[in-house]
Amino acid sequence: MEALLGSPISTTFPFSFPIARPSLRSSPSLPITPTTSQRAAITAVAPGNFRRPQASSDPSASSSTDTLVASSGEPSKMKAWVYDEYGDVSVLRAEDGVLVPQVEEDQVLVKVVAAALNPVDFKRMQGKFKATDSPLPTIPGYDVAGIVVKVGSQVKILKEGDEVYGDINEKTLESPKQSGSLAEFTAVEEKLLALKPQKIDFAQAAGLPLAIETAYEGLEKAGFSAGKTILVLGGAGGVGSLVIQVAKQVLGASRVAATASTGKLELLKSLGVDLAIDYTKENFEDLPEKFDVVFDTVGQGDKAVKAVKEGGCVVVLTGAVTPPGFRFVVTSDGASLTKLNPFIEEGKIKPVVDPKGPFPFSQVVEAFTYLETGRATGKVVIYPIP
């Protein structure tokens, strides 16, 4: 397996603190801009601005910079969510003494403003691909949106202060980074990032990378092109909602059909779906209409092949594969995001963030629990990150 670049974090976390587990609830509407403490941390780690924070008169108070700045002037410690054994959400814990990852020559250090969860995050935590995983302990998280605060010597384009987004792992299942995006900082190869579109905020941007790259690259692999038809299984999900938009707005689909539950059909129509199928009332495989491509995000490969035209194909993200289906696992690339940025800026592609979120950083456990229900609409986003 190809190992990813980047220094792993220390395998010892020197501090631990108990975390109150608030009940699952809808978070209030939040202004998605860097918070005051985030801006302070960004300033603190900018070159020439490293300094010790002022002592607080309140001994119980703490700020991001309290744990981020060492006497040497380099960022040292950070808050992060960590697990050091595989299992369910009970293995997750919050830590405030985690070492900030070192930046390799082709990487940048990103001050994380928002992150998002994907099904691969909880499957990884459960040990579903432990044979190709990086060593424990792990800071989970693939998707990131944030601000560059340090650049490696071989970084060519990005600079300090750039607002960026991306999937930090080039190979989803092959040695994903030990130090992920559910932390105050993460180190990422420049080639995996793109400038954040100005039209969207950090929370929206964090929900895009892995899902939109899966949508775009999966459609490319299927040979999808203008004038073709597509059926998306799971159209209201994180990937499905973007397959619909990429197929329609970027690649010129002549007709888009998608499945969802009754309450999500209007969302499908708002995304550009021509035929919204209520899977609680209809069997898509029994419809007389067949499609050039079926994009299966939910694991119904045996039924999906019944809905594809002769000579067509089925893109399978999960579950069993039946010919003419093929398994697709994305290889992340910031160039794909850069290519899609104009469509986002023009409003042709709209991020879909689950209305129960964004979940604050203190509610990562609740966010994982909600994602595992399989009922999320669009993406489950974590914001703000301290």
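Me: What does 28% relative accessibility make Glu104 count as?

Reply: Glu104 counts as partly exposed at that 28%. The scale goes like this: buried is under 20% relative accessible area, exposed is over 50%, and partly exposed lies in between (1.4 Å probe, protein chains only). You'll find Glu104 in the loop between strand E2 (93–99) and strand E3 (107–117). Helices (H or I, at least four residues) and strands (E, at least two) are DSSP runs, numbered from the N terminus. The C-alpha atom of Glu104 is 8.1 Å from that of Ala187, although 83 residues separate the two along the chain.

Me: What should I know before reading on?

Reply: This is a predicted model, where local features need pLDDT of at least 70 and side-chain atom pairs count only at pLDDT 80 or more, while totals for chains, interfaces and linings use all residues. Residues are numbered from 1 along each chain as its sequence is written, and side-chain values use heavy atoms, with hydrogens and water left out.

Me: What is the mean pLDDT of the protein chain, and which stretches fall below 50?

Reply: pLDDT is the predictor's confidence in each residue, from 0 to 100. Here the chain's mean is 86, and 81% of its residues reach 70 or more. Residues 1–31 are below 50, and beyond near neighbours in sequence that stretch has 77 contacts in the model (heavy atoms within 4.5 Å). Residues 43–73 are below 50 too, with 48 such contacts.

Me: Which charged residues sit over a ring?

Reply: The test is that NZ of Lys or CZ of Arg is within 6 Å of the ring centre and within 35 degrees of the ring normal. Lys111 has its charged end over the ring of Phe185, 5.7 Å from the centre. Lys196 does this over the face of Phe202, at 5.0 Å from the ring centre.

Me: How many salt bridges does the structure hold?

Reply: There are 13 (a salt bridge is a side-chain nitrogen of Lys or Arg within 4 Å of a carboxyl oxygen of Asp or Glu). One of them joins Lys177 and Glu189, at 2.7 Å from N to O. Lys177 lies in the loop between strand E5 (163–167) and strand E6 (185–189), with Glu189 in strand E6, so the bridge ties together parts 12 residues apart in sequence. Lys177 is buried at 9%, and so is Glu189 at 4%.

Me: Where do Glu289 and Arg255 lie?

Reply: These two also meet in a salt bridge, 2.7 Å from N to O. Glu289 is in the loop between strand E10 (275–278) and strand E11 (291–296), and Arg255 is in strand E9 (residues 255–260), so parts 34 residues apart in sequence are tied together. Glu289 is partly exposed at 25%, as is Arg255 at 28%. Elsewhere, bridges with shared partners join Asp84, Arg93 and Glu95 into one network. Within it, Arg93 and Asp84 meet at 3.1 Å, N to O.

Me: Last one: how many bridges join E11 to strand E12?

Reply: 5, with E11 and E12 (residues 308–316) running parallel; strands pair if DSSP finds at least two bridges between them. Asp296 stands opposite Val316 in E12. E12 also pairs with strand E13 (residues 325–327), in the parallel sense over 3 bridges, and there Val315 stands opposite Phe326 in E13.
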